[in-house]
Amino acid sequence: MMFKSVWFLRRLMQRYGGNSKQRSFVRLASGAAEGAVASPVDPGSITAEQAVRIWAQHFKQHGISEPLLSSQYIVAHVLGRKTLECVERGKLRDTLTDRERERVWNLCSKRLTRMPVQYVIEEWDFRDLTLKMRPPVFIPRPETEELVGLVLEDLQLRWGEMYRTDLRCLEVGCGSGAISLSLLHSIPQLRVFALDQSQTAVCLTTENASRLGLQDRLDVRHLDVINVSNPPYLLSQEMKSLQTEILRFEDHGALDGGSDGLSVIRPILALASKLLTERGRVYLEVDPCHPPIIQKLIEERMLGLLYLETRCDLTNRPRFCILQKNGKND
Amino acid sequence: MSWMLLVNHIIATPWKLKWRAPNTGMCNRLSLQWHRRQLGWPCVLFAGKKDLIDLPVLNEEDLDEQFVRGSGPGGQATNKTSNCVVLKHTPTGIVVKCHETRSVDLNRKRAREILRQKLDIAYKGEESELLKQKKETMHRKQDKRRKVNQNIEKKRLFKEMLYSDQGDKKC
């Protein structure tokens, strides 16, 4: 998903080779994939501003998306800041040290291979946290920040000042741990159980939790929920006695597959049905076409779940489904 | 100490206090102001960098928010890193652009904080919180300088007295 095929790179080379008159500065960058795309010549002495401009132009010429932004984020990162806006005006006009310049060239060359910026600088922000990023673990999206906001809002409405001391959440498909860690950071009484089918994701989530000092309230497990129709014994036993509110599951690409597109949702909802306490909730981040499918599934299967509502993201697309486990008297 | 308790409370639920500003702004203002008068201690100490307490409250209906995130289906199909937030206050026409962080959520919050400060200056002019704070710090510095000078003066006089005493003794 994140890396283009060799075929595409070759096409790029053809386009590039055809305009060789315009491109008089060529030097094969040592880090470039397949030795395909060349970096601009290292001019020796350069200010931060100039580096941003040179690389932005280079990215643009090579069809890299968000050329200026990529360049800005990388240079800012090398200068120890999150965005270029945070770098002091004076520092931007200072000459980069040899080490800084080398780093900029190194990282920007990686971006030339179409590696996402988040993987290039190996970190990204999620709400008020900074998390380590590592391919191929999923990069948290801005919409997901909204999901966390939604959950926090909901919790505040339901429990107000007095958080239950035994508040528990389950996250299916934690990736880099963005959602779990964000919630743990905001709610001191919360304990989270996080699952992911990728061992790399599990390791990354654990690493991020340790870096943020949240590892005590987080339990991360390597589990492929999709291929398990019943939750494993251990999971059930641990979760049964505790209040649980299930969180979203990672659906990228997964919902797309399957013969009826529901091969992932069914086990997830079954899991929710078994593990949730009364009035416990499920928050799903989905594709805009999914809410009606999910609604229908809930009605058909009689899982004891109620479809509460669909919420839109900031671009006004249906993005979040909220379900609730029925109470005894519902 | 009551102000210590207040600090702990804020730290424990920062998300609740800060981001609830539009609806509960009034309550926060009143309760924190009461503490301020009680202790004569500037609230800026535990309200963060700027004194958020007396800044104008924002009405979400007056705001026009845009995210420079480009077109596309959004969600997991895209990987856009542009998290810049452009916030326009329609009644006054003031526009704030914020790209201080790599998080859209944080940029939205920061944009609102910056807008509140700008509105404050626009509405109150000389009386705005920012200018008041600057004046306050300037006065405090002047007071400090005056005290330091006074101390130096006192020491000088004391030394003079000492030497003159010694001079007397010698004579």
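Helix H7 of chain A is mostly covered, since 13 of its 18 residues are buried, where buried means under 20% relative accessible area, exposed over 50% and partly exposed in between (1.4 Å probe, protein chains only). The model is predicted: local features need pLDDT of at least 70 and side-chain atom pairs count only at pLDDT 80 or more, while totals for chains, interfaces and linings use all residues. Residues are numbered from 1 along each chain as its sequence is written, chains are lettered from A and ligands numbered from 1 in the order in which they are written, and side-chain values use heavy atoms, with hydrogens and water left out.

H7 of chain A comprises residues 142-159 and reaches 26 Å from its first C-alpha to its last, close to the 26 Å expected at 1.5 Å a residue; the expected span is 1.5 Å times one less than the number of residues. Chain A as a whole has 12 helices and 9 strands, which are DSSP runs numbered from the N terminus (helices H or I, at least four residues; strands E, at least two). Of the 330 residues in chain A, 53% are buried. Among its contacts between residues at least 6 apart in sequence, 66% join residues at least 24 apart, a contact being heavy atoms within 4.5 Å.

Strand S1 (123-126) and H7 of chain A each supply at least two residues of the lining.

In chain B, B:His99 is found in the loop between strand S3 (94-98) and helix H4 (104-124). B:His99 counts as buried because its relative accessibility is 11%. Leaving aside neighbours within four places in sequence, B:His99 is in contact with A:Leu69, A:Tyr73, A:Thr83, A:Glu85, B:Asn83, B:Cys84 and B:Asn107.

B:Leu131 lies in helix H5 (residues 129-170) of chain B. With a relative accessible area of 30%, B:Leu131 is partly exposed. B:Leu131 and B:Asp120 are 11 residues apart in sequence and 9.9 Å apart in space, C-alpha to C-alpha.
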